[in-house]
Amino acid sequence: MGQDLLDFDLFSDETLADPYPTYAKLREIGPAVYLEQNHAWALTQYAAARAALVDHETFSSVGGVALNRAANEAFARAVLLRDPPEHAAMRRPMTAQLGPREIASVEPWAARRAEDLVAAAVRRGRFDAVRELAEDYVCSVMSELIGLPDGDRDRLLLWGRATFDMFGPPNARTTEALGHAGDMIDYVHALAAPGGPRGGWGAELMAGAHRGDLPAEVAVLDLVAYVISSVVTTIHAIGNLLWLLAARPDEWRRLRADPARVPAACNEALRLEAPAQLFGRRTTREVRIGDAVLPAEAQVIVLFASANRDERKWGPDADVFDADRPEVGDHLAFSRGPHSCVGMGVARMKMCALLAALVRNVDSIEFDGPPVRTVNNLLRGFTELPLRVTA
């Protein structure tokens, strides 16, 4: 079994369709497993993955977040591919805008938007939870918060999915996605020009650049992180959450009986179905993990989604949805350490607002046709999720 897995392609269509059996087998081999086809070390278990994420001095993001050279070079100045202290300086403007106080100030408006969309969905009875709920909600909220032009939704979604494909290994999906990089960067540069964002956090960010508070290039790269990363990952997180709950009517009834469990249910969905399954790192020195010795300059794949189902951390029922699971907030769906997701507070707020509106207004939720999965190098979620609800 071990040799088969060493020669195994973690990014084949078959594996991406259902990666969890493979992750389980990799965890059995050890916390660090070398994958011949991917030319990379996979960190499979929770303790090893978390330790790597908090140790940027050994597991660097510089030249290693993407699993191919072209993407690492194209995004070399982006905050995602920098280490402290430069990383902290580039991230600071976003951190200031996405703190608890700022999120609390927009939460009532986001909750009202969720109520409106859910009310419309309930009136229809049948809807696509991706296109007509998750995408509508996330795109409208983020467009308002960031100050994006109207009518850009389809382009943002295309570029968002392409960005996560770009960070995969050299394969057909990566090559196709890299073809969109120029258009995406041109769009963000135009958006960052004077008069670009029509208000909101994006305008504040660019105003700081025009005042000289931060370099314009840093502001543009921060805006890329706002526009691209936050949109598609949150859409997939919501789709995954609703897919899990539609398959579990007992869990839905428990949420209806106790809406206070909504935040825990969102965290458990993030643990069980991480929207971003992995990211890369590069070792700066030789390092031992379990019985494996990783050389300096080794490409590393930190498997968030495998760590989130590690029996050593979560117990023998790690593959089971359980909103009452102790310490569910320990999941790695938002990473850890200096590169923990700067927008995780906003993402949780949107997930909880939409689920809370559904719990208040929907008596039952079930599938209304077969879901269609997204096939992406890094993302896990749905392109279509037909649901039927009763009030």
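Student: Where does S340 lie?
Tutor: S340 sits in the loop between α17 (311-314) and α18 (344-361). Keep in mind that this is a predicted model.
Student: Okay, and is S340 buried or exposed?
Tutor: S340 is buried, and its relative accessible area is 14%.
Student: Which residues is S340 in contact with, leaving aside its neighbours within four places in sequence?
Tutor: With those neighbours set aside, S340 contacts R91, F334 and S335.
Student: Let's switch to T234. Which helix is that in?
Tutor: T234 belongs to helix α13, which covers residues 216-246. T234 counts as buried, at 4% relative accessibility.
Student: How far apart are T234 and A333?
Tutor: In sequence they are 99 residues apart, while in space their C-alpha atoms are 11 Å apart.
Student: You mentioned α8. Where is the kink in that helix centred?
Tutor: The kink in α8 (residues 130-146) is centred on D136, and the angle is about 30°.
Student: How many residues of α8 are buried?
Tutor: 12 of its 17 residues are buried, so α8 is largely enclosed by the rest of the structure. Among them are L133, E135, Y137, C139 and M142.
Student: What follows α8?
Tutor: G147 comes next, and its phi is positive, near 90°.
Student: Zooming out now, how many helices and strands does the protein have?
Tutor: There are 18 helices and 12 strands. The radius of gyration is 20 Å, close to the 21 Å that the globule rule gives for 391 residues, so the protein is as compact as a globular protein of that length. Along the principal axes, the C-alpha trace spans about 55 × 55 × 35 Å.
Student: What share of the residues counts as buried?
Tutor: Of the 391 residues, 56% count as buried. As for the surface, the protein exposes about 15700 Å², with carbon and sulfur atoms supplying 53% of that area.
Student: What about contacts between residues at least 6 apart in sequence?
Tutor: Of those contacts, 71% join residues at least 24 apart.

Methods: Residues numbered from 1 in each chain as written. Predicted model: local features only at pLDDT ≥ 70, side-chain atom pairs only at ≥ 80, totals over all residues. Heavy atoms only, no water. Helix = DSSP H or I, 4+ residues; strand = E, 2+ residues; numbered from the N terminus. Rg over C-alpha atoms; globule rule 2.2 N^0.38 Å. Buried < 20%, exposed > 50% of the residue type's maximum accessible area, 1.4 Å probe, protein only. Contact = heavy atoms within 4.5 Å. Areas by Shrake-Rupley, 256 points an atom, 1.4 Å probe, with all protein chains shown as cover. Bend = angle between axes of the 7 residues up to and from the residue.
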